[in-house]
Amino acid sequence: GMLGTYRNFRPRARGSAHAISRLQQQQQRRPFCQRQEGVAMLRRPRALSPSESINVTRLPLTAMILPRSGRLVTGADMAATFADLPLEETTSLVWFVHGHRHRFEWEMHAAALEESASTDVIARGAALVVSTDATAETAFMLRVLRQYPQRGVRMLVHTGVNTGHRCGLLHSLSATAHLWARFGAVVFTHPDVYLRAPAPAKIGQSLLDHPDAAFLGHSSTMFYYKKRRPQAFLSDLFAFRPRLLPGTRIAMEPPRLDPRRAGARAGSRAETTSRSGGSGEGASVNSLYWWNASRSCSFSMDLGRGMLKPEMALADVRQAFNVSVAEWAFERNSRGHRLREPSPSGVWHAHNVSLVAAALGRRLPQPART
């Protein structure tokens, strides 16, 4: 399997001296510009606190696998390489997979998508894998990236920037706008939301059926309680079109928000100064839509609703910016993560990775004997 033995899978405090020494010897046989790649991949990103993370406005690429050639690009070459990608490579669809503290789920998620590898949304799509897990080695996340079946560019962002388990996904969307802004559509999901056939094909068909929808998702009543009826959209699987969202453009970095003055609301429009340029990895791209969603979710306490959830923030920001919305044209089971089988559409949100592995015909690595 991809992950090897359980002993190799468990997070370690740091790469072993022997492994680093071996990689350093291997680097000497590589071109000079690539010699730092292997050793760097054994490291882990520095973990930031939520109060530090909220002021991070841009997450850089960690690595990138080019289409067709499969060449791995890291370091200073990534910005120019990403900007020089042919336009057709980044104008269709990108799968944004966002995870934190996941391990086996990554491999099973890629395996589920492999069932639909021949469909256009996978074969012509790209992948953006974002992990906010500072306990995982970057080498592990790079192996994860290689498992995804998308034939377009595959990108990895491995970071210790995490604003919290509730709103971290919205902050990651805001801080990676420079990577997904040039794509025609973005499908967002998590590693434990397994998309078995025919789910990817149904997602692609929904996008075709609603060409003018800026946001596609499933509305939810999961927060209904007595007279409380907040609007919400499920945050584990949705899609959006960057060009139809307000503020997705080349822009100066938005002003930093002081957590002590937590007054950013979904409808507040931050002052940004537009400038010309491409939407490459090196450019500064701001999505006002997701910037507001992140701050609204992180700092808002609403009377009658309590602490704002990301599902509520998705609905609030949609309403504040008055964007066009369409419901996914497929059904899914909605009993949380305890589902023992996928819905008829193939969507399966499950936290029992052993059950998923058995359904996919995969074997999980067994613990090493001591």
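## Strands, a helix and a pocket

In strand β5, Arg 154 is the bridge partner of Ile 65. That contact belongs to the pairing of β1 (residues 63-65) with β5 (residues 154-158), which is antiparallel and has 3 bridges. This is a predicted model, where local features need pLDDT of at least 70 and side-chain atom pairs count only at pLDDT 80 or more, while totals for chains, interfaces and linings use all residues. Residues are numbered from 1 along each chain as its sequence is written, and side-chain values use heavy atoms, with hydrogens and water left out.

**The sheet**

- Strands (E, at least two residues) and helices (H or I, at least four) are DSSP runs, numbered from the N terminus.
- Two strands count as paired if DSSP finds at least two bridges between them.
- Picture an open sheet of 9 strands with mixed pairing, in the order β2-β1-β5-β4-β3-β6-β9-β8-β14.
- β2 (72-73) and β14 (325-327) sit at the edges with a single partner strand each, so one side of each has no neighbour in the sheet.

- β6 (residues 185-189) is largely enclosed by the rest of the structure, because 5 of its 5 residues are buried (under 20% relative accessible area with a 1.4 Å probe, protein chains only; over 50% is exposed, and in between is partly exposed).
- In a regular strand, side chains alternate between the two faces of the sheet.
- Both faces of β6 are covered: Ala 185, Val 187 and Thr 189 are buried on one side, and Val 186 and Phe 188 on the other.
- β3 (residues 93-99) runs parallel to β6, joined by 5 bridges, and Trp 95 stands opposite Val 187 of β6.
- β9 (residues 237-240) runs antiparallel to β6, with 4 bridges, and Phe 240 in β9 is the bridge partner of Val 186.

**Helix α8**

- α8 (residues 138-147) has 7 of its 10 residues buried, so the helix is largely enclosed by the rest of the structure.
- Its buried residues are Thr 138, Ala 139, Phe 140, Met 141, Leu 142, Val 144 and Leu 145.

**The second largest pocket**

- This pocket holds about 340 Å³ of space.
- Its lining has 16 residues, and those closest to the centre are Leu 93, Asp 120, Val 121, Gly 204 and Leu 208.
- α7 (120-123) and α11 (199-209) each supply at least two lining residues, and α11 gives the most, with 5.

Definitions and conventions. 1 Å grid on protein atoms, 1.4 Å probe; cavity = no way out; pocket = protein on both sides within 12 Å on 5 of 7 lines; lining within 4 Å. Points joined across faces, edges and corners; volume = space filled by probe spheres on them.
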